[in-house]
Amino acid sequence: MNPSLHPVATQNFVTVILPLALPKSYTYSVPEYLVPHIAFGKRVEVQFGKSRLYTALVIDVHHNMPEGYRPKEILSVVDDEPILHPTQLKLWQWMANYYVCTLGEVMHAALPANLKLASETVITLSPLFDDSFDDLDDKEYLITEALTIQEEISINDVRGILQQKTVYPLIRRMLEKKIIYLKEDLKTKYQPKTVGCVRLQEPYASNQELLQEAFEKVGRSNRQMEALMAYVQVSRAVDFVRKQDIYKAVNVDNSVLKAMEKKGILELYEREVSRLGVYEEEVINASSLSEQQELALKEIKEHFEAKAPVLLHGVTGSGKTRVYIELIQQAIQSGKQALYLLPEIALTTQIISRLEKVFGNDIAVYHSRLNNNERVEMWNEVLNGKPVILGARSALFLPYRDLGLIVIDEEHDTSYKQFDPTPRYNARDAAVYLSHLHKANVILGTASPSLESYFNVRKGKYKLVEMPERYGGIKMPLIEVVDAKAQMFQGKLHTHFTEVLLDELRATLEKGEQAILFQNRRGYSPTYRCETCDWHSECIHCDVSLTYHKFHNVLKCHYCGYTSKLPASCPACGSKQLSLKGFGTEKIEDELKIYLPDAKLGRMDLDTVRGKNAHARIINDFEEGRIDILIGTQMVTKGLDFERVGLVGILSADQLLHFPDFRATERAFQLMLQVSGRAGRKHKQGKVLIQAFNVSHPVLKEVLDNDYDSFFGREMMERQSFHYPPFYRIIKITLKHKKPQVLNDAGRLFSSTIKPKLGEWIVGPAVPYVSRVRTYYLLDFMVKLPKDAKKMAFAKQAIISSTDELRSKEGMSSVRVAVDVDPY
């Protein structure tokens with residue numbers, strides 16, 4: 001008789017990603033009661049380490065017991081529906097592999113903070129909670145009560161209060177109900193978006209038969225009578241009546257409504273609306289296409305049929321945005337989603353207003369200035385199929401269901417590159433890969449293509465479509481280079497302004513036109529120096545000079561934010577002869593008031609646009625003529641379209657051209673061409689003045705002639721000679737530590753392990769131009785290798801293994817290693 005065998009139950013496991021820099025994903029077992037709820041893309045609550053708990057993301061459900069360790073059980077399933085698509089995971093895996101980082105670091109960058117809860121996360125009562133406990137269940141009541149006694153508690157505290165380990169589903173529920181917020185949201189001074197509304201007071205609200213009495217109360221005032229009639233009519237068509245609805249219907253203002261409130265008829269109140277906003281104006285058809293736009297669209301569609309990325313090279317003002325609108329409409333009509341990428345949120349203000357008029361509520365905006373709650377709302381909107389997303393680089397990570405089109409506007413812009421923290425990705429390149437995953441069309445648009453993209457055209461990888469004329473036959477601006485050195489010798493250089501520029505500014509203002517002045521340095525003055533001993537103010541945390549900011553009267557570090565008061569005398573020699581050297585946007589604004597006292601000046605740089613709506617306010621003031629001259633950094637160069645700009649002045653071309661970087665001339669060419677494009681956009685030819693001390697630089701002639709082909713040919717010869725992209729690939733490796741001796745030792749150890757592997761491909765260690773940032777000393781290595789996928793993969797693996805070897809050495813675990821593939 002054969003012995004009977006015990007039946008073996010099949011055990012379920014999940015592979016998960018944790019939002020941590022871990023070299024691999026982890027496997028957990030699934031308890032039987034959670035098996036029906038588990039699925040790819042859902043978050044689960046897990047214990048990692050001795051006591052820390054995290055929300056992890058399920059990327060595989062299987063029956064394979066991991067080797068080498070006994071898996072822990074997951075504690076709960078947080079989501080009812082998956083928050084991640086398989087296509088998204090493929091993008092994350094590609095980014096982790098290409099940019100030499102971990103999947104957890106990509107997850108950390110991709111997910112909004114509200115979707116990455118950890119046991120240390122601190123919660124606090126929402127500013128929207130109205131002290132009503134009636135709709136709360138027992139557990140929600142206990143947590144809310146605890147928060148009314150104690151201002152903030154951690155998720156670990158929640159476990160203690162409820163005497164249970166599994167709390168993430170509860171926390172998620174309370175976040176969705178807006179009972180609680182993460183503490184970091186309130187640090188961003190979260191304010192719910194509200195609109196002024198009107199409703200009837202009692203007894204009229206509950207018994208509208210008494211309205212006749214209300215009409216009798218306002219009988220003596222025609223305006224109040226009209227307002228009440230308008231309210232009655234509007235309230236029949238909408239759920240709530242805004243003040244704006246009354247103002248539009250009849251000619252009344254807030255004083256009329258206030259008077260009716262005093263009479264006990266109307267109540268004025270604030271109502272919260274969706275923070276993502278609702279477009280309530282009439283949707284209009286896009287303007288008709290020009291012959292050039294029609295031709296460009298025809299060529300683009302032909303290339304799309306061949307599944308090739310398209311580079312749209314159109315001069316500033318050629319109407320590229322109108323072409324994008326047409327392509328987006330076609331994507332929506334075929335049931336697909338469209339992603340419109342911009343390098344910076346500064347650009348969204350004008351473009352969103354243009355796109356909303358065409359797409360209405362089909363479009364949403366995503367960028368880094370959204371708080372965590374807004375990001376989660378947006379995440380869910382995209383998950384549910386929002387047709388059009390306009391966003392900066394982080395919009396790449398949203399959970400698109402079926403992308404049909406990606407537009408990468410201003411594709412040359414360096415803001416598409418993420419510098420810190422990891423992943424240090426280039427959104428332009430990642431978007432091209434994302435289009436491949438979705439089998440979507442992709443178009444890269446610019447007036448001054450990056451050398452890499454134009455090189456891809458020459459190699460046949462991308463297809464080129466050109467729009468060489470401005471829309472409506474408007475002429476390109478007249479560009480003139482002003483010799484600042486000659487003006488200085490003639491006594492015609494007034495601080496930072498040549499006499500030519502000042503005369504043109506006066507003439508522009510007399511014609512009722514506006515001007516833009518560009519200086520790519522913010523603050524008042526970049527150096528505070530002693531005339532006696534040559535001491536200059538330096539940051540205590542970084543190896544850089546402190547910049548003087550006159551408005552706050554402080555010296556400030558633009559790397560770490562450290563501030564210091566101005567010393568009355570030199571700390572080194574005691575001399576009182578201290579002076580400010582150089583100039584930034586704040587100083588230009590200050591000194592221009594001397595020469596043009598009647599001009600209304602505005603400034604657009606990082607110091608003036610910190611608020612969430614500050615960009616929109618400055619742009620709106622300029623559009624409506626409340627600013628005559630707008631002074632700004634590179635923010636003013638990017639895609640903005642103003643009707644009355646007759647003059648653009650570039651104050652220091654030399655500063656752009658002589659930066660110690662192999663991309664300096666490319667950036668200078670692009671910036672000067674872009675800022676020139678702001679002149680004469682609508683009705684007439686504009687003028688551009690470029691001040692330079694070295695007027696013989698070849699880039700200046702290429703900008704004057706708008707000659708991209710000559711620029712491309714000359715620059716590519718130099719890049720090829722010196723083994724730079726796009727002919728060679730570069731990986732920059734930076735070692736960081738707070739102690740210079742430890743860093744130097746780390747540099748020698750790292751060099752001894754990686755140089756035998758990479759040989760002549762690697763150079764360094766070298767002390768960088770800025771050798772200390774935020775108290776960390778820096779050492780750089782640079783890997784330069786031919787364009788070859790196998791060699792690139794070998795080099796990346798060598799970097800990873802050498803980093804592991806370094807960290808295994810005694811005293812080296814605290815050395816940070818930052819890897820930047822394709823640095824910008």
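Buried means under 20% relative accessible area, exposed means over 50%, and partly exposed lies in between, with a 1.4 Å probe and protein chains only. The close-ups below come from a predicted model, in which local features need pLDDT of at least 70 and side-chain atom pairs count only at pLDDT 80 or more, whereas totals for chains, interfaces and linings use all residues. Residues are numbered from 1 along each chain as its sequence is written, and side-chain values use heavy atoms, with hydrogens and water left out.

**View 1. Helix H14 and the glycine that follows.** Helices (H or I, at least four residues) and strands (E, at least two) are DSSP runs numbered from the N terminus. The expected span of a helix is 1.5 Å times one less than its number of residues, so the 12 residues of H14 (residues 372–383) should span 16 Å, which agrees with the 16 Å between its end C-alpha atoms. Buried in H14 are Asn372, Asn373, Glu374, Val376, Met378, Trp379, Val382 and Leu383. After H14 comes glycine 385, with a positive phi near 100°.

**View 2. The loop at serine 334.** Serine 334 sits in the loop between helix H12 (320–333) and strand S13 (337–341), and it is partly exposed because its relative accessible area is 49%. Its side chain reaches the backbone oxygen of alanine 331 at 2.8 Å, a polar contact being a pair of N or O atoms within 3.5 Å, where within protein one must be able to donate a hydrogen and the other to accept it, and residues adjacent in sequence count only if both atoms are side-chain atoms. Glycine 404, although 70 residues from serine 334 in sequence, is 8.4 Å away in space, C-alpha to C-alpha.

**View 3. Phenylalanine 489 in helix H17.** Phenylalanine 489 belongs to helix H17 (residues 484–489) and counts as exposed because its relative accessibility is 67%.

View 4. Cysteine 101 counts as buried at 15% relative accessibility, and cysteine 197 counts as buried at 0%. With a disulfide taken as a pair of cysteine sulfur atoms within 2.5 Å, the count of disulfides comes to zero.
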